[in-house]
Amino acid sequence: MTLHQAKLDIVEAGRRLYDKGYIVSSDGNLSARFDESRLIVTPAGLCKGNLSVEDLCVCDMEGRKISGVRSPSSEIGMHLFLYRERSDIKAVVHAHPPTATGFSVAGMPLTDCVLPEVVITLGSIPTAKYGTPGGPEISEPIRKFVKDYDAYLLENHGATTVGSDVMNAYFKMETLEHFARILFVARQLGGANVLNREQVDKLLQIRQRLGIRGPDPACDVGRAPSGPDTSEPQIPTLRTRSASSPSGDPPPAKDDLITEITRQVMQELRTGKPE
């Protein structure tokens with residue numbers, strides 16, 4: 001890939017990130033490792049949704065600018081850290097996709113094994129502890145994940161993905177946010193149907209055949225079925241504490257709940273006052 005093509009890919013990925021709402025204003029940063037001694041990085045203080053190739057900076061592996069009119073991203077240190085830790089990383093994308101960032105703010109990793117595509121391509125998505133942006137503090141919490149994962153949440157900060165080229169890293173960011181949205185909706189509906197160990201193992205075999213790097217995903221799995229399921233379908237309940245159950249006790253059975261609601265409605269009709 002030529003230097004010019006790598007720049008075009010960064011401009012295109014930045015436009016997509018902005019159009020999808022994964023970044024706003026001057027948020028986010030992208031880079032590509034062009035060779036062993038140079039990387040291309042987005043500039044500080046500009047919207048990544050309407051960059052031109054002339055806006056991009058070329059820096060050495062110490063972060064010193066080689067060419068470009070503008071200053072490189074203040075988070076170039078995180079990019080350099082990732083490139084030094086893994087020689088196979090050729091691109092880094094950092095953004096703030098809203099749903100995934102919501103999980104990072106809540107301190108919740110995306111580790112449920114629920115989508116085959118995510119298990120195969122990303123495994124699981126851990127959350128790195130918070131570090132101040134723009135300095136070495138942001139890189140150190142990533143250290144324990146960088147060898148084994150291509151995507152991770154940054155606590156209270158957003159998400160970072162790495163890849164073999166700019167678009168590869170970008171598409172991993174798309175997958176991460178898509179997964180976060182689906183998992184969020186599933187939890188709103190009462191909980192995710194987590195794949196069991198046997199199902200995950202079959203996906204890992206596909207992962208190995210495709211030559212995708214990394215260890216087995218450290219994702220949360222469900223129980224494998226022990227036999228045919230002859231039980232009646234269960235009505236899902238939201239996993240929240242009610243005001244009348246501060247201890248988090250399970251909600252009443254469906255028939256009991258209906259009876260209680262009916263009783264309270266009849267009481268209000270008779271007296272004009274709720275209990």
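**Entry 1: overview**

I began by noting that this is a predicted model. I then counted elements and found eight helices and eight strands in the protein chain. The protein chain has 275 residues, and buried ones make up 43% of them. I also looked at contacts with a separation of 6 or more, and 65% of those in the protein chain come from residues 24 or more positions apart.

**Entry 2: α1 against α6**

How do α1 and α6 pack, and at what angle? Helix α1 covers residues 3-19, and its angle to α6 is about 15 degrees, with the axes 9 Å apart. The angle is under 35 degrees, so α1 counts as roughly parallel to α6. The crossing of α1 past α6 is right-handed.

I listed the residues that make the contact. From α1 they are Ala6, Asp9, Ile10, Ala13, Arg16 and Leu17. From α6 they are Val166, Met167, Tyr170, Phe171 and Met173. Sorted by class, this contact of α1 with α6 has nine nonpolar residues, no polar ones and two charged ones. A reminder to myself on spacing: an α-helix has 3.6 residues a turn, so residues three or four places apart point the same way.

**Entry 3: α3 against α6**

Next I turned to the packing of α3 on α6. Helix α3 spans residues 98-105 and helix α6 spans residues 166-188. Their angle is about 70 degrees and their axes are 7 Å apart. The range from 65 to 115 degrees counts as roughly perpendicular, and α3 and α6 are therefore described that way. The crossing of α3 past α6 is left-handed.

Which residues make the contact? On the α3 side I found Pro98, Thr99, Ala100 and Phe103. On the α6 side I found Leu176, Glu177, Ala180, Arg181, Leu183, Phe184 and Arg187. By class, the contact of α3 with α6 comes to seven nonpolar, one polar and three charged residues.

After α3 comes Gly107, with a positive phi near 70 degrees.

**Entry 4: an aromatic pair**

I searched for aromatic pairs and the structure holds two. For one of them, Phe145 with Tyr149, the ring centres are 6.0 Å apart and the planes stand at 75 degrees, so the pair is edge-to-face. The cut-off for that label is over 60 degrees.

Are the two partners buried or exposed? Phe145 is buried, with a relative accessible area of 12%. Tyr149 counts as buried too, at 13% relative accessibility.

Glu85 lies in helix α2, residues 76-85. With those neighbours left aside, Glu85 is in contact with Arg143, Val146 and Lys147. Glu85 and Lys147 are 62 residues apart along the chain, and their C-alpha atoms are separated by 7.3 Å.

Ile120 sits in helix α4, residues 116-121. Ile120 counts as buried at 13% relative accessibility. Again leaving those neighbours aside, its contacts are Leu203, Ile206, Arg207, Leu210 and Ile212. Ile120 and Ile212 are 92 residues apart along the chain, with 7.9 Å between their C-alpha atoms.

**Entry 5: positive phi outside glycine**

Ser25 is not a glycine, yet its phi is positive, about 50 degrees. Ser25 is in the loop between α1 and β1 (29-33). Where does Ser25 fall on accessibility, buried or exposed? Ser25 is exposed, at a relative accessible area of 52%.

Asn156 is not a glycine either, and it has a positive phi of about 60 degrees. With a relative accessible area of 45%, Asn156 is partly exposed.

Notes: Residues are numbered from 1 along each chain as its sequence is written. This is a predicted model: local features need pLDDT of at least 70, side-chain atom pairs count only at pLDDT 80 or more; totals for chains, interfaces and linings use all residues. Side-chain values use heavy atoms; hydrogens and water are left out. Rings of Phe, Tyr and Trp (its six-membered ring) pair if their centres lie within 6.5 Å; planes under 30 degrees apart count as stacked, over 60 as edge-to-face and the rest as tilted. Buried means under 20% relative accessible area, exposed over 50%, partly exposed in between (1.4 Å probe, protein chains only). Axes are lines fitted to C-alpha atoms, for helices over the stretch in contact, and angles run from 0 to 180 degrees between N-to-C directions. Helices (H or I, at least four residues) and strands (E, at least two) are DSSP runs, numbered from the N terminus. Angles under 35 degrees count as roughly parallel, over 145 as roughly antiparallel, 65 to 115 as roughly perpendicular and the rest as oblique. A crossing is left-handed if the near helix is turned anticlockwise from the far one by less than a right angle, and right-handed if clockwise. Contact means heavy atoms within 4.5 Å. Ala, Val, Leu, Ile, Met, Phe, Trp, Tyr, Cys and Pro count as nonpolar, Asp, Glu, Lys and Arg as charged, and the others, Gly among them, as polar.
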